[in-house]
Amino acid sequence: MTSIDAQKLAHLLASAQDRSGSTAARGRFYEDVLDYLFSNIPGCQTQRNSLNRFISEEVDLSISNFREKDGLRMLPEIFLVECKNWSAPVDSSTVSFFAQKVRHRGCSLGVLVAANGVTGDPVQMTSSFHQASLELSGGIKLLLVTSDDLSKISTVGEFVTLLHKRFLDLHCAGTFTLA
């Protein structure tokens, strides 16, 4: 399995969290973090900032997944990643809009990387958690990853395990989880 450079990952995360940089620069660094991690998973290839023909929806990362050994065997062949390096939790309308992008691109899975999580309560399934549950019932699967999750990653295997666990938890809980 490909190894990651822990110093490079830490530098990218620190740059994404550095409030002295512009919002756009912090957003690009956040995308760099995810591009770096997904690119190092066996069988994964990334494409950045894909704009649809109508110039109405941009996708931060599109992932092709060849489901290689030690890779993302549980996840579909193509899925989308949305990076939200916001200082506040992501709201339910943003979750809904991301799910719409996933649907419009003919995908079944989207990974929402929200620096500070999402709004609502996972037990009561309110706000963003409710929206993720509604999307799941319609066939769109949404995984949630936070900056806290990313800061604990030291190997590609840990990232793969995190994504597989979130995928299983999604089906078990009926909404995205941080377990």
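R26 counts as buried, because its relative accessibility is 10% (buried means under 20% relative accessible area, exposed over 50% and partly exposed in between, with a 1.4 Å probe and protein chains only). This is a predicted model, in which local features need pLDDT of at least 70 and side-chain atom pairs count only at pLDDT 80 or more, while totals for chains, interfaces and linings use all residues. Residues are numbered from 1 along each chain as its sequence is written, and side-chain values use heavy atoms, with hydrogens and water left out.

**R26 and S15**

- R26 sits in helix α2 (helices are DSSP runs of H or I with at least four residues, strands are runs of E with at least two, and both are numbered from the N terminus).
- Beyond its neighbours within four places in sequence, R26 is in contact with S15, A16, Q17, D18, R19, G21 and N85 (contact means heavy atoms within 4.5 Å).
- From R26 to T177 the C-alpha to C-alpha separation is 25 Å, and the two are 151 residues apart in sequence.
- S15 belongs to helix α1, and its relative accessible area of 14% makes S15 buried too.
- With neighbours within four places in sequence set aside, S15 is in contact with R26 and F29.

**How α1 meets α2**

- The two helices, α1 and α2, pack at an angle of about 155 degrees, and their axes are 7 Å apart (axes are lines fitted to C-alpha atoms, for helices over the stretch in contact, and angles run from 0 to 180 degrees between N-to-C directions).
- On the α1 side the contact is made by K8, L9, L12, L13, S15, A16 and Q17, and on the α2 side by R26, F29, Y30, D32, V33, Y36 and L37.

**The nonpolar cores**

- The largest nonpolar core has 36 residues, of which F38, L150, F159 and L163 touch the most other members (such a core is a set of buried Ala, Val, Leu, Ile, Met, Phe, Trp, Tyr and Cys residues joined through side-chain atoms within 4.5 Å).
- At least two residues of this core come from each of α1 (6-17), α2 (23-39), β2 (58-65), β3 (78-84), β4 (109-114), β5 (141-145) and α6 (156-173).
- α6 gives this core its largest share, seven residues.
- Not counting residues up to four places away in sequence, F159 touches L34, L37, F38, I41, L150 and I153.
- Another core, of 17 residues, lies apart from the largest one and includes V95, V118, A132 and L142.
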